[in-house]
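Me: Hi! I'm new to this one, could you walk me through it?

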Amino acid sequence: MHESGGGAYEDAYHSFDGRAVFQPVPERPVPFLIGGNSKAALRRAAQVGDWWHGVGLGPEEFAAHRSRLRELSGEGRDINAGTRIDWDDDGRDVREVRAEVAAWQSVDAGHLAVWFGSVAGDGFRRRMRALAEAVGGRDRA
């Protein structure tokens, strides 16, 4: 690719002539997230990923997968590893969800997405605010 973000491109599915422009050109490489729990997914994450997102794992299983990912990726390469939890109904108390967040922190999850349910109605917003208050509402970066 040219510095200007343009140029010809061709693969088995797509082609662009030299008039194609790909802009804006990122100032730094865009992080690549690999999801999945299989051996192949962990190998892909170790080889080309910047982030790995485990799916449907408990904290202990996650820790074992993260350990394997570290083995596969080698020294000097730390891949941000995380997962997703669900709090999509009001049947759970915020203290229970906060404890779940703490369990993920204890196994060194680098990121944790939370599905708060449908944005329709007020439950999504209420649960999101409650969890933000329960974890201190601070920037976690």
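Predicted model: local features only at pLDDT ≥ 70, side-chain atom pairs only at ≥ 80, totals over all residues.

Me: Which residues of helix α1 are buried?
Reply: In α1 (residues 39-48), they are A41, L42, A45 and A46. Buried means under 20% relative accessible area and exposed over 50%, with a 1.4 Å probe and protein chains only. Helices are DSSP runs of H or I with at least four residues, strands are E runs of at least two, and both are numbered from the N terminus.

Me: Why are those on the same side of α1?
Reply: They cover an arc of only 135° around the axis, so they share one side of α1. The arc is taken from the directions from the helix axis to the C-beta atoms. K39 and Q47, on the other side, are exposed.

Me: What do the buried residues of α1 pack against?
Reply: Against β3 (33-35), β4 (51-53) and α2 (59-73), where contact means heavy atoms within 4.5 Å.

Me: Switching to strands: how many bridges join β4 and β5?
Reply: There are 3, and β4 pairs with β5 (residues 80-86) in the parallel sense; pairing takes at least two DSSP bridges between the strands. H53 has G82 in β5 as its bridge partner.

Me: And which strand pairs with β5 over 5 bridges?
Reply: That is β6 (residues 111-115), also in the parallel sense. There, W115 is the bridge partner of D86.

Note on methods. Residues numbered from 1 in each chain as written. Heavy atoms only, no water.
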